[in-house]
Amino acid sequence: MITIAGLAAALASCSDKTAKNEDFKYLVDEFADLKIMRYQVPGWNELSLQQKEYIYHLAEAAKYGRDIIWMQNCKHNLEIRKVLENILENYTGDKTIEDWKGFETYAKRVFFSNGIHHHYAEDKFIPECSKEYFEEVMASVGEADRCAGLIAVIYDPAVLPQRKSTDKTGDIVAESAVNFYEGVTRAEVEKFYADMTDPSDKTPVSYGLNSRVVKGADGVIYEDVYKVGGLYGPALEKICSELEKAAAVAENQTQKDYIADLVNYYRTGDLKLWDEYNIKWVNDTLGTVDFVNGFVEDYNAPLGRKATWEGLVNFKDSEASKRAELISESAQWFEDHSPVDARFKKKEVKGVTAKGINVAVLAGDCYPAAPIGINLPNADWIRREHGSKSVTIANITSAYGKAAQESPRNMLSEFAWSEEEIAFEKKYGDLTNDLHTDLHECLGHGSGQLLPGTSPNALGEYSSTLEETRADLFGLYYLADPKLVELGILPDGEAYKAQYSSYIRNGIFTQFTRIELGKKNTEAHMQNRKLIADWCYDKGLAGNVIEKKVRDGKTYFVVNDHEALRGLFAELLAEIQRIKSEGDFEAGKALVEKYAVNIDPELHKEVKERYEALGLRPYGGFINPEIVPVEKNGEIVDYEIVYNDDYLGQMLHYGRKYATL
Ligand code: ZN
């Protein structure tokens, strides 16, 4: 599973950690509904030469899978991409006219989506330049022969209208443009796999994950397996070759072992080896470097059985991990001093160390639209018996936030009350936001205990919202504790105020940009934030703790008294913990129903209109930095990270270097 940011992260991050490199521009291009960013790779220079070499080959292995995702998304994608590349590289006509601009934007969108359908909305998008112009440009670079076939695929709205069909009444297998099936119906596919699987199997093989299902000329249905010598063979061969080079310089024997399994799996297509690989991979917790390379996620598949190819390489973020370790080491102190009733506290508490990572390359389905978190493997039985790895991608999250600040008009400038508040948030926002997440994950969820006899399921349908509320409050309460300054995690006793102000602003108001007008607030995390913000607003009315101000017809929520707000967080935390420890369903239900669900229609309308007027691009993706070998006297002595800001340049470079199919 992956966590995607899209709209969410762009909105949630209203902060700007002081970058080491002040000149680094995160936002490099904007077009259609997309923005292109780049990310930094902090900590690269602290890696050993061997680690860099390991990452380099893993990154090459990731990039060699590029053509696979293009082919998987739709069978015409790769051919169209080659035409676009040819035009972009060789067309010599006038590039100042509107038609050319329309063509170029189309090309950029196709590169972004790894195909001709929107990466998120599934619909095919049509070029803004005319069909005649497109044909003319194609002919001028020697592509006239392909026009007849491709122009209809590109321009006719009735041809392959959706990547994964959203038509709930039709046959989603037959109607989807994805290239997982050929000539078969949904019923045929379901029967094909039902015959193959044994429902009583406790360790079921993920049949179908790495194959295309085809009905042959004789009417017989068979699987075309992705493997060396099979479907996508030339790409997988390149991947295997780079993986073997990587294994030679891996950090430890476990890594060498599972890379060998992965290579064997790519060579044979045997899904049992894929499971073995995953089990070894999930148990490797010692390495600094880690990676994903394979047919992993099934979001794009009409029946969820087929995985798209993805790759990314990452290494542990030492700064973020150090912070999480420091907090976890003091877990008992935090538990003992929390503002909840002593009966509900754990006598012995263990903190969890969340792992923050930085990516060094994004590839396949993770490129350019990148996830911000990953939780793998996906097979339920492996997760149950062997656990899973869950990480947040620190440099991607951070780049989202910083790029958002680079837009002249952004959420913070629109919704913060004063210049002072904005400056404060720019100074401390990133740090306190990350820290709040750490406190939530490392301590919040693990704190407290149920009274003997209380059922863990007592809170029923309200349990996830109340659980997230509890973890968030634990984090909010401790953000303002002098202990964090003492531990050296926060620079001073003022920093926490940035997170308090932005948390309230988001919870009570700005998060509803993501909800359609007239709809209720239903997602657990969004409910929790609203519950906390609205409850504190209500309880703090008399003391004017949070004030609703209006200026030029625009509403703002301003925290006037941060210390008093901390007192309210403590009070609510004590109550939520009581509800959980005692299993008080009615009290939990009452809180959620009163504070978390219903959005004030006037405020909702206002926030949507103001957001709309900002004209922000809802989707984002990233250019990779290049990892460049440095040679001296014929020997590689280092690998350097080179940042570039040329989106189309990178796409064309990848098209030349990593073309395999
Ligand atoms: Zn949580």
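1. Strand 7 (residues 289-297) and strand 8 (residues 308-316) run antiparallel and are joined by eight bridges; two strands count as paired if DSSP finds at least two bridges between them. Strands (E, at least two residues) and helices (H or I, at least four) are DSSP runs numbered from the N terminus. Phe295 stands opposite Trp309 in strand 8. Nine of the nine residues of strand 7 are buried, so this strand is largely enclosed by the rest of the structure. Buried means under 20% relative accessible area, exposed means over 50%, and partly exposed lies in between (1.4 Å probe, protein chains only).

2. The model is predicted, so local features need pLDDT of at least 70 and side-chain atom pairs count only at pLDDT 80 or more, whereas totals for chains, interfaces and linings use all residues. Residues are numbered from 1 along each chain as its sequence is written, and side-chain values use heavy atoms, with hydrogens and water left out.

3. Asn300 lies in the loop between strand 7 and strand 8. This residue is buried, its relative accessible area being 8%. Leaving aside residues up to four places away in sequence, Asn300 touches Asn73, Arg163, Lys164, Val178, Phe180, Thr308 and Asp365; contact means heavy atoms within 4.5 Å. Asn300 and Asn395 are separated by 95 residues in sequence and by 26 Å in space, C-alpha to C-alpha.

4. The aromatic pairs number 40. Rings of Phe, Tyr and Trp (its six-membered ring) pair if their centres lie within 6.5 Å; planes under 30 degrees apart count as stacked, over 60 as edge-to-face and the rest as tilted. Trp333 and Phe334 form an edge-to-face pair, at 5.3 Å centre to centre and 90 degrees between the planes. Trp333 is partly exposed, at 25% relative accessibility, whereas Phe334 is buried, at 0%.

5. The rings of Tyr367 and Tyr654 make a tilted pair, because their centres are 5.5 Å apart and their planes stand at 45 degrees. This pair links distant parts of the chain, 287 residues apart: Tyr367 is in the loop between strand 9 (355-364) and strand 10 (371-376), and Tyr654 is in helix 26 (residues 647-657). Both Tyr367 and Tyr654 are buried.

6. One aromatic cluster is formed by Tyr226, Tyr232, Tyr258, Tyr265, Tyr266, Trp274, Tyr277, Phe291 and Phe295.

7. Helix 18 (residues 419-444) packs against helix 21 (residues 496-508) at an angle of about 90 degrees, with the axes 7 Å apart. Helix 18 is therefore roughly perpendicular to helix 21. Angles of 65 to 115 degrees count as roughly perpendicular, under 35 as roughly parallel, over 145 as roughly antiparallel and the rest as oblique. The axes are lines fitted to C-alpha atoms, for helices over the stretch in contact, and angles run from 0 to 180 degrees between N-to-C directions. Among the residues that meet are Phe424, Tyr428 and His436 in helix 18 and Tyr496, Tyr503 and Arg505 in helix 21.

8. Three strands form an open sheet of mixed pairing, in the order 2-3-14. Strand 2 (27-31) and strand 14 (619-623) stand at the edges, each with a single partner strand, so one side of each has no neighbour in the sheet. From one strand to the next the twist averages 25 degrees. Strand 2 and strand 3 (residues 34-38) run antiparallel, joined by four bridges. Leu27 has Met37 in strand 3 as its bridge partner.
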